[in-house]
Every structure is written in C-alpha cells, then in structure tokens.
Amino acid sequence: MEGDWEVAQRCFKTVLYNTRFSVHDHIRHHFNYIHCILDKATTCNELEQAKSFSQCQAVLKSAHQRFDKAIFVELEKVVYARIMIMKKQLKDASDSLNKCQTEIVIKCGRDCGLSLAKAWFELGDYEKYYKIIALIELPETDNSIEMISDLLVIERAQLTNKNKVSKLLELNEQGVKLFRTGLYPASSSIFLEAHEIMPNNVPLALNLGQSLTKGWPANVSFIKKKQTAKHCINVVESNQLDELSDKRYRSIESALKSIE
C-alpha cells in the first residue's frame, strides 16, 4: 500500500540520518533506504521511477565516500540490477547479479541478503531466490526487537513469494495442457495471467512466446500481443539457455520476431 511505503521510507531515512557520523553508522542503513525507494518505484510510472533512481544515486554517492569499497561494490550490484530490471534491461541485470559475491552481501546483514534474494525473484529466478533465503541466518536464541522484526519481514516475503510461485506453476501447467490440445488462444490467455505474476521468468517466457505464435485471445489487443512478444524475446535472450531451451527458442524465434 502507498501509505506503507511512505512510512517505511520515512523510518529508514530517519535511521540513516540519526546514525550518520556516529558509532552506529553502518553501510546497510544506506542500502536499506535505497531498497525501500526501489520497492516503491516498482509501482510507479517511468517519470516517478526516474526520480527514484536519482534519489538512489545521491545516497550511493554518499555511501561510496565513507565505507569499505569492496563491500560497497557488491551491494551496489544488487541496486544496479533492480534498477535495470525496472528499465527492462534484463541482460545487464542478470550480469550484475551473476557477478555479485553472495557471501559478502549476506555478511552485511539479513536485510541486505533479503534485498539480493528479492532482486533474483524480480529477475524471474525463484530458485536462486530460495537459495539466497536459505543462506540468511536467523539465530534461534535472539529475541531482540531487531531480530523479531527481521524474522517477520522475511516470513512475510517468503509467504507472499511462495504463493506467487505456486500460482505461477499452477497456471503454467494449465497453459501447457491447453497448448497440447491445440487450444492456442486459451493457452496464451492462461500464460498471460502467469506472466503478470512473474514477467521475467525464462521457462514461462518460452511457453508464452511459443503459444502466442500459434494463437492469441480475441479479447486482447494486437498491440498487447506485440508488446508481449517483445518482452518474451528480451527475457529469453537476456539469459543463458540450456540446450533444450535454446533449441525450443530457435524453433520459434523467427515467428516471434515477426510479431514484434
């Protein structure tokens, strides 16, 4: 909700400025504030997103001057990836996350680890998301307010994303069944619904791309079809495909690009 983002952003900003130049200052405060700005930006239009990106750059500049460069660089890769995802520059986002040293990010704190996991989820790789979440340590003997707060945030994120993945897999299975029976417009419609849940998932982009080359729902505009084809191409070509997926893509590439 809009109000939630506003409250969270004010809180992170307060923590950042109250700890600045004190013994409690920590690089994670800067990046918590940045990721809160980016969380809100995911729901905004391009103009508002551009303003958010400028805000992030200002905070990054401040942090770069004051903290360990080796740690800063790794945390910056996560920020850069999330910005590139919003800009639909998925290849750059993928490259940035693949070069990121997970251990360094995790050591900076649970919130930094969660931001890295979130970036992988936004990129459509829920398996990498689960792997990162599993690395975040949650001491059983720590009952501090900070620990409980972190635990609640992580549990809420896990539940939300688990439900998204479950729905994605359910819809994908339905779409595949419809495609195999030759009901191509219906399968495209189902894959489109799944696409709204996780637009940057490679297997789904392949299924949706293949389906829309065969048939398209009559109640969905041709402009939407072109936009979807373009996005599917972007998702697939931004990632390293295994042999079978690459073969599938090559078989539909010409037909898909003729729509775009």
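**Cysteines and helix 12**

Mentor: Start with Cys-100: its sulfur sits 9.7 Å from the closest cysteine sulfur, in Cys-108, which is too far for a bond. Keep in mind that this is a predicted model.

Trainee: Okay, and is Cys-100 buried or exposed?

Mentor: Cys-100 is buried, with a relative accessible area of 8%.

Trainee: Switching topic, how far apart are the end C-alpha atoms of helix 12?

Mentor: They're 23 Å apart. Helix 12 runs over residues 222-237, and at 1.5 Å a residue its 16 residues should span 22 Å, so the two values agree.

Trainee: Which residues of helix 12 are buried?

Mentor: Lys-225, Thr-228, Ala-229, His-231, Cys-232, Ile-233, Val-235 and Val-236.

Trainee: And what covers them?

Mentor: The cover includes helix 5 (90-99), helix 10 (184-197), helix 11 (202-212) and helix 13 (243-259).

Trainee: What about Glu-237, where is that found?

Mentor: Glu-237 is in helix 12 too. With 39% relative accessibility, Glu-237 counts as partly exposed.

Trainee: What is Glu-237 in contact with, leaving aside neighbours within four places in sequence?

Mentor: Tyr-249, Glu-253 and Lys-257. With Lys-257, the side chain of Glu-237 makes a polar contact of 2.9 Å.

Trainee: How far is the C-alpha of Glu-237 from that of Val-202?

Mentor: 9.2 Å, although the two residues are 35 residues apart along the chain.

Technical notes. Residues numbered from 1 in each chain as written. Predicted model: local features only at pLDDT ≥ 70, side-chain atom pairs only at ≥ 80, totals over all residues. Heavy atoms only, no water. Helix = DSSP H or I, 4+ residues; strand = E, 2+ residues; numbered from the N terminus. Expected span 1.5 Å × (residues − 1). Buried < 20%, exposed > 50% of the residue type's maximum accessible area, 1.4 Å probe, protein only. Contact = heavy atoms within 4.5 Å. Disulfide = S-S within 2.5 Å. Polar contact = N/O pair within 3.5 Å; in protein donor to acceptor, adjacent residues only side chain to side chain.
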